[in-house]
Amino acid sequence: MPRPKVLPENRLRAVKACRQCRASKKRCTGTAPCPNCVRRGCAGKCIVSDSEPDSSSHDAASFPSDAAFSAMATSPPLIQHPPIVSPAVTASSSDHGSCIHANDPQSYSPNAPHHTYPRLLRSVCGEQVYIGNEASLSFLQLLRDLVTQYMGPSSFSNNSKRDTMLEEERKPQEIFVDDPLNLDQKAVLVQVYLIATSGILHVVSSSEALRILKDSASPTEHHNPCRAATGDLMIAIGAQCTTNDEPGVGVERFYFLRGQRRAFEGSLEHPSVDLVRAFVLLAFYMMGACQRNAASMYLGVAARAAAILGLHSCEYHGMLGEPERQRRLRVWASLRTLDLISSSILGRPAATSTPRSHSQDQIASQIEQAGFIDIFLLASYQGSQIIEEIVGTIYGEKSVSTDTAQALLQRLRNWTDEFYHALQRISVTDSSSREQGYALGKLHVACLYYWAVTLVTRPFLVSVLTSRLSRSARPDSIIEDPMYLTLAFSCVDSAVYLLQGCREMLDAGLMLANVSLLKAFIFAASLVVGFLMFSGRDVSLEVEEAFASAQELLQMLARRSPQAAHYNEILCLLATVIAEQRQRLNEQAARSRSQYVNRIFIFDQDRPSTSTAMHRDPVDDWMRETLFDPPTSGAFLGWDSLDLPLWDNFPFNPNCAG
């Protein structure tokens, strides 16, 4: 009897099949990896093709598996270049996903869509404030949504703080009436300030800082409010980065409030380079004080004053003397670096965005590199320029292509190659201020590089890991693009290296008590690592240690920073969710592994055996409890205690009557 005709739309046979199933004459689902290849343990060689492969065709490259994320390099350098992949093996998009084709010149990797979106959070005053899609807080919201999707509501995903932007509201009272420090004590805190700002700011040299302190202490010196404010704010930042004791906090508040008051004493009516410096320091202090919205406001004032003074353009700097010219270049580079970094962290437009006619590269080429502070400032300045391009290119569009990501990663590689010798790992033998400033400046530049790599590659990491999470429910419906995996590798590596570098600073005793930008970088990297840990059961020990290091770092910084304390609280909740997710995945794997056998016996000494529990009789229970476990007091509890109606259930047998 002939087989009945089946319409094409009702056919169950896959249009495509992998090469392994074609060779073994097995029915294939047409997805990679297919169930047959997974069962045979050759999922890495599962390549879907439309027709029979040539006998002369070469085997495709192995497809990376889940275990690939566990293979991290040991003892990585502080600056690690991400691999620039070659489009030798790409993927083409289809209606149902990406099917992998080998050695196909017309194949391409589809664009990675953005899964993070801008948000409005409540400020400390209840006002709605903007957070962009590249911000770590938007990425945190994505993780919360995924946790809710796969595990339901939890203390991590649903809490009262999820829609608020943590800020500390401080009362503006002064503890001291007179200047509480002498000149030597101020000089010590200024040295701490120079360490804390190494690699980010260079608005005041060490020699000029001492002159400002001496001029402020001299009653006969001509009073310049903004110059005096600069001295007070350097002292306040230095006190902010020291240990947490009550006198230190009082000193910090005194000099900040006095510097803030001096900066606003009619100075806004007369823009000057000193005013720009004062407001840059106000912004830096506010970032460390967990008041990032106020920091953005101060950066906006500094940016407008700098534009009025022409600091953003070097066309007219030749008419100035060399010292004044270098001072203006360093102030502008410091302002723009701090503005671009903080804007990328919060996902907001930068205040120092300039027309393309004013070449920022030309400004960078004119900065004199007199010492390592200038070298690190120049490195951070040019790195922040690339970050601005990354934000505009990647997060200004709905999706990002692998070609764009590779081009930006190549720019980052060229940038680090230019400063390769300055950023080499060094062994710090003592904790002197110069060595500590060198080490912290190097760490700032390195974290800036890792943050830039994270911004480029995070959309691909999200695509890969969300696919793996959905594959746990439908293992045959998700296909990973090998180029996506390569870029996702870079995202995980950059996060791990960032946390390792910060942990090394802490172990060496060189980490300050409060670092305004580093805690934001640490939190962003810990979210990447935590996302990887949530998405799968098996991760490398290096990843586990990096996440633990992030918690320890934020716990240490929480002594002086409420923002770090909030970050650490979020990571603790995330760690709890990760543990629950791993237990769920392990149970799911155990059920799928044991399809034909169940565990029916679990030994428990506190409960009766399985057979007894299955054949329990109420009369037996009563007799056991009454006859073998009598009341300890031995007193007769009454006829009701015998539960006599139960005796009516006994069948009477006259043959057994005695």
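Q: What joins the side chains of Arg-119 and Asp-163?
A: A polar contact of 3.0 Å joins these two side chains in this predicted model.

Q: Why is Arg-119 called buried?
A: Its relative accessible area is 12%, and buried means under 20%, so the label applies. Leaving out residues up to four places away in sequence, Arg-119 touches a number of others, among them Val-129, Tyr-130, Ile-131 and Leu-137.

Q: What makes α8 largely enclosed by the rest of the structure?
A: The count settles it: 16 of the 16 residues of α8 are buried, so the helix is largely enclosed.

Q: What is the phi of Cys-290, and where does this residue lie?
A: Phi of Cys-290 is near 65°, a positive value in a residue other than glycine. Most residues other than glycine have a negative phi. Cys-290 lies in the loop between α8 and α9, just after α8.

Q: Is Cys-290 buried or exposed, and how do you know?
A: Cys-290 is buried, because its relative accessible area is 0%, and the cut-off for that label is under 20%.

Q: Where is Cys-314, and why does Cys-314 count as buried?
A: Cys-314 is found in the loop between α9 (292-309) and α10 (322-346). At 9% relative accessibility, Cys-314 falls under the 20% limit, so it counts as buried. Setting aside neighbours within four places in sequence, Cys-314 is in contact with Gln-362, Ile-363 and Gln-366.

Q: How do you know that the span of helix α17 agrees with its number of residues?
A: The 17 residues of α17, residues 541-557, should span 24 Å at 1.5 Å a residue, and the end C-alpha atoms are 24 Å apart, which agrees. The buried residues of α17 include Glu-542, Val-543, Ala-546 and Phe-547.

Q: How many salt bridges does the structure hold?
A: There are 21 salt bridges. One of them pairs the side chains of Glu-569 and Lys-161, at 3.3 Å from N to O. That pair links distant parts of the chain, with Glu-569 in helix α18 and Lys-161 in the loop between α3 (136-151) and α4 (183-196), 408 residues apart.

Q: What makes the pairing of Arg-325 and Glu-322 a salt bridge?
A: Their side chains meet at 3.0 Å, N to O, and the limit is 4 Å, so the pair qualifies. Arg-325 and Glu-322 are three residues apart in helix α10, and therefore separated by about one helical turn. Residues three or four places apart in an α-helix point the same way. Arg-325 is buried at 14%, while Glu-322 is partly exposed at 40%.

Q: Which side chain meets Glu-389 in a salt bridge of 2.1 Å?
A: Arg-411 is the partner. Glu-389 lies in helix α12 (residues 372-394) and Arg-411 in helix α13 (residues 402-418), so the pair ties together parts that are 22 residues apart in sequence.

Definitions and conventions. Residues numbered from 1 in each chain as written. Predicted model: local features only at pLDDT ≥ 70, side-chain atom pairs only at ≥ 80, totals over all residues. Heavy atoms only, no water. Buried < 20%, exposed > 50% of the residue type's maximum accessible area, 1.4 Å probe, protein only. Helix = DSSP H or I, 4+ residues; strand = E, 2+ residues; numbered from the N terminus. Contact = heavy atoms within 4.5 Å. Polar contact = N/O pair within 3.5 Å; in protein donor to acceptor, adjacent residues only side chain to side chain. Expected span 1.5 Å × (residues − 1).
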